[in-house]
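User: I am new to reading protein models. Can we work through one together, feature by feature?
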Amino acid sequence: MSSRTEPVLVLDELGLALLMPGYQTLYRPSQQHAHRRSSAGSLSELGKACGVAQGHRRILDACAGFGTDGMTLADLGCTVTMVEQNLLVWLLLRDLDQALGRVTVEYGDCTDFMRDLRRCWDVIYLDPMFPPRRKTALPNRGLQHLRELSGVQEPDVGVTLTQLIALGRRCALARVVVKRRLKDPQDTQSAFQIKGKSIRFDVYLPE
Ligand SMILES: C[S@@+](CC[C@H](N)C(=O)[O-])C[C@H]1O[C@@H](n2cnc3c(N)ncnc32)[C@H](O)[C@@H]1O
């Protein structure tokens with residue numbers, strides 16, 4: 001298995017799993033979900049940033065990944081649509097959702113969903129891949145695989161995120177929420193921040 005150079009999906013009796021080049025064991029997003037449930041208390045900053053306490057929220061999780069944040073928001077009572085542009089990640093996410101059945105999972109570029117005027121969101125949630133930083137390990141294997149699959153290059157990320165925020169502010173009814181590293185530079189455009197131990201959520205109001 002270790003001589004492969006391409007990621008592959010494996011279907012077994014437990015569902016779909018990912019096998020990445022250089023890894024000997026399968027990765028299952030469902031196991032990440034189980035871990036998230038056991039540590040859900042530490043994710044309450046996400047709910048605060050999205051304004052969950054202020055009423056029912058329809059949320060577009062525009063960079064879904066393996067759905068950890070989106071499913072947390074669904075657990076908090078939000079109606080969540082997740083969008084993922086990587087085909088393998090989307091297939092794994094869809095398989096996970098078929099087991100859990102509480103969110104809508106879409107394939108494609110989130111900008112197409114944000115430009116679709118027939119759709120209505122209270123909150124646009126953006127968690128694009130953080131730019132790589134030397135000597136900093138990612139917190140879990142799921143994020144490591146998302147980075148490997150997306151092949152993010154640092155110079156592209158800031159521009160893309162700026163465009164996503166601007167687009168989100170034109171279509172969100174209540175707010176745009178961006179996950180960042182705690183020590184990332186401040187963005188003067190944001191209205192306020194909710195801080196966690198190592199990450200923060202920057203909140204932007206609609207234009
Ligand atoms: C850091 S991960 C998100 C992790 C996610 N919040 C979670 O809890 O698992 C970023 C994901 O956004 C996806 N992505 C980046 N740009 C996108 C876009 N324009 N449209 C849809 N998905 C996008 C990437 O493929 C990647 O899977």
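User: Is Arg181 buried, exposed or partly exposed, and why?

Analyst: Count the C-beta atoms around a residue: 20 or more others within 10 Å make it buried, 12 or fewer make it exposed, and anything in between is partly exposed. This is a predicted model, and here Arg181 has 13 C-beta neighbours inside 10 Å, so it counts as partly exposed.

User: Where is Arg181 found, and which residues does Arg181 touch?

Analyst: Arg181 belongs to strand β7. Leaving out residues up to four places away in sequence, it touches Phe130 and Ile199. Sequence distance and space distance are separate things to check. Arg181 and Lys195 are 14 residues apart in sequence, with their C-alpha atoms 9.5 Å apart in space.

User: What is the order of the strands in the open sheet?

Analyst: Read the strands across the sheet, from one side to the other. This open sheet has seven strands, in the order β5-β4-β3-β6-β7-β9-β8. The pairing is mixed. β5 (104–107) and β8 (192–195) stand at the edges, each with a single partner strand, so one side of each has no neighbour in the sheet. Ignoring direction, neighbouring strands are turned by 20° against each other on average.

User: How many bridges join β6 to β7?

Analyst: Look for the bridges, then for the direction. Five bridges join β6 to β7 (residues 172–181), and the two strands run parallel. Find two places along this pair. Trp121 stands opposite Ala172 in β7. Leu126 stands opposite Val178, also in β7.

User: In what sense do β3 and β6 pair?

Analyst: Strand β3 (residues 58–61) and β6 pair in the parallel sense, over three bridges. To place the pair, take Asp61: its bridge partner in β6 is Tyr125.

User: Is α3 mostly covered or mostly open?

Analyst: α3 is mostly covered, with seven of its eight residues buried. Thr68, Asp69 and Leu73 are among those buried residues. After α3 comes Gly77, whose phi is positive, near 100°.

User: How many residues surround the ligand, and which are the closest?

Analyst: List the shell, then ask where its members come from. The ligand is surrounded by 19 residues, the closest being Cys63, Gly65, Thr68, Asp69 and Gln85. The elements giving two or more residues to the shell are α3 (68–75), β4 (79–84), α5 (110–115) and α6 (141–150). Sort the shell by class: eight residues are nonpolar, seven are polar and four are charged.

User: How many helices and strands does the protein have?

Analyst: The protein has seven helices and nine strands.

Notes:
Residues are numbered from 1 along each chain as its sequence is written. This is a predicted model: local features need pLDDT of at least 70, side-chain atom pairs count only at pLDDT 80 or more; totals for chains, interfaces and linings use all residues. A residue is near a molecule or strand if its C-beta atom, placed from the backbone, lies within 6 Å of it. Helices (H or I, at least four residues) and strands (E, at least two) are DSSP runs, numbered from the N terminus. Ala, Val, Leu, Ile, Met, Phe, Trp, Tyr, Cys and Pro count as nonpolar, Asp, Glu, Lys and Arg as charged, and the others, Gly among them, as polar. Two strands pair if DSSP finds at least two bridges between them. Axes are lines fitted to C-alpha atoms, for helices over the stretch in contact, and angles run from 0 to 180 degrees between N-to-C directions. Two residues are in contact if their C-beta atoms, placed from the backbone, lie within 7 Å.
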